Amino acid sequence: MNTPPSSPGAERRDGSPVRIGALVPLTRPGWVEAGQHLLAGLELAVSEVNEGGGIVGRPLELVVRDTAADPRRAAAAVDELARLGVAALAGEYHSVVARAAAARADALGLPFLCSSAVLDALTEQPTQWVARLAPAQSHGWQVYADFLLGAGRSRIAVAAEPSVYWASGSRILRDCLAPRGGTVIELDMRVLTPTAVCDELVDSRATALLLLVGHPEPAVPIVKAVRSDQRLAEVMIGAPAGQPEFPAWAASLGDDGAAIPFLRYLPERLSPLGARVETVLRERLAVAPSFVAFEGYDTIAVLAEVLRSHGADRARTAESWPRVAVEGTRGEIQFSRKPGISVWQWAWTPIQVVDRDPADPNRFRILHSG
């Protein structure tokens, strides 16, 4: 590994803060709710670290930058945070944005623990500088494909917008389903209206429609159109990327937003640590915390342990990824190398397929675990 100079002030003992840069989508077109949950988890963990004495007596400080789902803005933020002397980077939700941040972090020799983005290839080449908590898309979406086949859904239409992330998802689904008799039918949302999507579903005899699109537009109009079309009463709507996880989904769609399975990264039962964190996060957010909030908390838990053990030196942090063993809210976190994945990966985060209960859209049902 090429070892650039240590971070500024890496070994200072004067009580100055150890700074971590946090990349979070807090304004549109970013997924603002996801960013708020991610930041709540990051901030809670930082406050608990400091209540416990900080990093060998030095307070931990979060330096937050809003990425607004813009890869260029994220890359510029990484440059700025590196100049400010942060010991490491944390966060980000959007995969395409995280990829831009990871590329800059790798080029600058700045450790980056990615909280929530799942795109397999976060960097073009394998890197020592980046680690990730969320499961790789190829793993999580295979679990979702298994769920679809188990539910008797083999003719799968995907309503997709142009994006590296959505294209990767479509490819993973096709690769998983085709050898087992499944079919993926792609619907290009650059040219189709929600009404036209309904007609395509009828013509293709699809048994499921997956929303590989943004929220609220065009996801909400598509769901409303399909739910109101009597020809499609037996078609399952799915959202593997997790759009129904957040309260805005239920607020936008009400009963129409229920029974739409999606992926989330939680165990069936939280550990005592996870249960305690859930209680505090619920108070901070005034809603049930999403899995993204737990990812934020776990990110700081890992970085704090690394910084306590190895100091705030960037190179030593990057060298420590394979030696991490930290109890997180969702299990013990350790990193390893996985084929086809360019970063250090927690393998594997607990994965569930869940939906909102039609009898109570504020309650989630676990449909499948992987």
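## Overall fold

Among contacts in the chain between residues at least 6 apart in sequence, those joining residues at least 24 apart make up 70%. The model is a predicted one, and its chain has eleven helices and 16 strands. A compact globule of 370 residues would have a radius of gyration near 21 Å, and the chain agrees with that expectation because its own value is 21 Å. Along the principal axes, the C-alpha trace spans about 70 × 40 × 35 Å.

Buried residues account for 57% of the 370 residues in the chain. The chain exposes about 14400 Å², of which carbon and sulfur atoms supply 49%. As for charge, the mean positions of the 37 positive and 42 negative charges are 3 Å apart.

In soluble globular proteins, nonpolar side chains tend to be buried together. Here the largest nonpolar core has 101 residues, and the members that touch the most other members are Leu 60, Trp 141, Ile 300, Val 302, Trp 321 and Phe 335. Helix α10, which covers residues 291-310, contributes twelve residues, the largest share of this core. Apart from this core lies another, of 26 residues, which includes Ala 157, Val 213, Leu 232 and Ile 237.

Trp 321 can be followed in some detail, leaving aside residues up to four places away in sequence. Its contacts include Pro 111, Phe 112 and Leu 113, as well as Gln 128, Trp 129, Val 130 and Ala 131. Trp 321 also touches Val 302 and Leu 303, together with Phe 335 and Trp 344.

## Residues in helices

Asp 298 is found in helix α10, and it counts as buried because its relative accessible area is 0%, against a cut-off of under 20%. Beyond residues up to four places away in sequence, Asp 298 touches Leu 133, Gly 328, Thr 329, Arg 330 and Ile 333. Thr 317, in helix α11 (residues 314-319), is likewise buried, at 1% relative accessibility. With the residues up to four places away again left out, Thr 317 touches Pro 111, Val 306, Leu 307 and Gly 311. Pro 111 is also one of the residues that Trp 321 touches.

Arg 73 lies in helix α2, residues 71-83, and with 41% relative accessibility it counts as partly exposed. Leaving aside neighbours within four places in sequence, Arg 73 is in contact with Thr 27, Asp 66, Thr 67 and Ala 68. Thr 329, one of the residues touched by Asp 298, is 256 residues from Arg 73 along the chain, and the C-alpha atoms of Arg 73 and Thr 329 are separated by 30 Å.

## Backbone geometry in loops

Most residues other than glycine have a negative phi, and most peptide bonds are trans. Against that background, a cis peptide bond joins Arg 28 and Pro 29, with omega about 10°, and Pro 29 lies in the loop between β1 (18-24) and α1 (32-51). A cis peptide bond also joins His 215 and Pro 216, with omega about 5°, and Pro 216 is found in the loop between β8 (208-212) and α7 (219-227).

Positive phi values occur at Glu 92, where phi is about 75°, and at Arg 205, where phi is near 55°. Glu 92 is placed in the loop between β3 (88-91) and α3 (95-108) and is buried, with a relative accessible area of 0%. Arg 205, by contrast, is exposed, since its relative accessible area is 57% and the cut-off is over 50%; this residue is found in the loop between α6 (194-204) and β8.

Methods:
Residues numbered from 1 in each chain as written. Predicted model: local features only at pLDDT ≥ 70, side-chain atom pairs only at ≥ 80, totals over all residues. Heavy atoms only, no water. Core = buried A, V, L, I, M, F, W, Y, C linked by side-chain atoms within 4.5 Å. Buried < 20%, exposed > 50% of the residue type's maximum accessible area, 1.4 Å probe, protein only. Helix = DSSP H or I, 4+ residues; strand = E, 2+ residues; numbered from the N terminus. Contact = heavy atoms within 4.5 Å. Rg over C-alpha atoms; globule rule 2.2 N^0.38 Å. Areas by Shrake-Rupley, 256 points an atom, 1.4 Å probe, with all protein chains shown as cover. Lys, Arg positive; Asp, Glu negative; His and termini not counted. Charge placed at Lys NZ, Arg CZ, Asp CG, Glu CD.
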